[in-house]
Amino acid sequence: MVQSRLALWRIFILGRSVVTGTFLLLLLVMNGLLPTAALRPLYLLALIQFATNGFYLYLWRQRDIRFLGLLSFVLEIVLISVLILLLGTDGFIFVLAYLWPIIMGGWLIGRRAIPPLTLLAICAYSTLIYLVQHHGLASPRLLLPTGIPQALVLCLPYLAFVSLLVWLLTREMERSER
């Protein structure tokens, strides 16, 4: 059981590395190596997200799974919230990205992790809505030179990762039925 959990954590870390690396690569391809002032916070967040994978890998190698679980899923919800805020009104397309820490928390920690992670995601998202509506705390829209919102392109790795998670869960369920 412990070995299978460690293997699942490895899949999570590798999958997250692919997603955050793809996100960073998309930013670079769409905007170049030297971001404008408006894009610098988004680049910084992308670098933080990518660097976090190294810390997760360190905890995984140390077999500190309890701390890894607590830290990673709470941090994921915070990072998703910051991403939504930085992308302005277009960032709300990332609301479905909250599913990834909730699904993975349930899968890697157990179903007892789902209610607190869901509550945290709801509180984080509600706080964002409140801040935008009542305090005007929203970043300007970040558009590609073609006028397309960057969020519409940047959300694709997150969609792919959530789809991959559902596929992996389905595969595991089918395996356990045999």
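1. Let's start with helix 3 (residues 65-86) and helix 5 (residues 114-135), which in this predicted model pack at an angle of about 20° with their axes 10 Å apart. Angles under 35 degrees count as roughly parallel, so helix 3 runs roughly parallel to helix 5. The crossing of helix 3 past helix 5 is right-handed.

2. Which residues make this contact? On the helix 3 side they are Phe73, Val74, Ile77, Ser81, Ile84 and Leu85, and helix 5 brings Leu117, Leu120, Ala121, Ala124, Tyr125 and Leu128. Sorted by class, the contact of helix 3 with helix 5 has eleven nonpolar residues, one polar residue and no charged ones.

3. Helix 3 also packs against helix 2: the axes of helix 2 and helix 3 come within 11 Å and cross at roughly 170°. An angle over 145 degrees counts as roughly antiparallel, and therefore helix 2 is roughly antiparallel to helix 3. From helix 2, the contact draws on Pro41, Leu42, Leu45, Ile48, Gln49, Thr52, Phe55, Tyr56, Leu59 and Trp60. Their partners in helix 3 are Ile65, Phe67, Leu68, Leu71, Ser72, Leu75, Glu76, Leu79, Val82, Leu83 and Leu86. By class, the contact of helix 2 with helix 3 has 17 nonpolar, three polar and one charged residues.

4. Thr52 is worth a look while you are on helix 2, where it sits. Is Thr52 buried or exposed? Its relative accessible area is 9%, and buried means under 20%, so Thr52 is buried. Leaving aside residues up to four places away in sequence, Thr52 touches Arg16, Leu75 and Leu79.

5. Between helix 2 and helix 3 there is a loop that holds Arg63. Most residues other than glycine have a negative phi. Arg63 is not a glycine, yet has a positive phi of about 65°. With a relative accessibility of 48%, Arg63 counts as partly exposed.

6. The largest nonpolar core has 50 residues, of which Phe12, Phe23, Leu42 and Phe94 touch the most other members. At least two residues of this core come from each of helix 1 (2-31), helix 2 (40-61), helix 3, helix 4 (99-108), helix 5, helix 6 (150-154) and helix 7 (156-177). Helix 1 gives the most to this core, with ten residues.

7. Which residues does Phe23 touch? Not counting residues up to four places away in sequence, Phe23 touches Leu42, Ala46, Gln49, Leu83, Phe94, Leu154, Pro157 and Tyr158.

8. Tyr158 counts as buried at 3% relative accessibility. With residues up to four places away in sequence left out, Tyr158 touches Val19, Phe23, Gln49, Leu83, Phe94, Ala97 and Trp100. Leu144 lies 14 residues from Tyr158 along the chain, and the C-alpha atoms of Tyr158 and Leu144 are separated by 19 Å.

9. Last, helix 4. How many of the ten residues of helix 4 are buried? Eight are, which leaves helix 4 mostly covered. These buried residues are Trp100, Pro101, Ile102, Met104, Gly105, Gly106, Trp107 and Leu108. Just after helix 4 comes Gly110, with a positive phi of about 130°.

Definitions and conventions
Residues are numbered from 1 along each chain as its sequence is written. This is a predicted model: local features need pLDDT of at least 70, side-chain atom pairs count only at pLDDT 80 or more; totals for chains, interfaces and linings use all residues. Side-chain values use heavy atoms; hydrogens and water are left out. Axes are lines fitted to C-alpha atoms, for helices over the stretch in contact, and angles run from 0 to 180 degrees between N-to-C directions. Helices (H or I, at least four residues) and strands (E, at least two) are DSSP runs, numbered from the N terminus. Angles under 35 degrees count as roughly parallel, over 145 as roughly antiparallel, 65 to 115 as roughly perpendicular and the rest as oblique. A crossing is left-handed if the near helix is turned anticlockwise from the far one by less than a right angle, and right-handed if clockwise. Contact means heavy atoms within 4.5 Å. Ala, Val, Leu, Ile, Met, Phe, Trp, Tyr, Cys and Pro count as nonpolar, Asp, Glu, Lys and Arg as charged, and the others, Gly among them, as polar. A nonpolar core is a set of buried Ala, Val, Leu, Ile, Met, Phe, Trp, Tyr and Cys residues joined through side-chain atoms within 4.5 Å. Buried means under 20% relative accessible area, exposed over 50%, partly exposed in between (1.4 Å probe, protein chains only).
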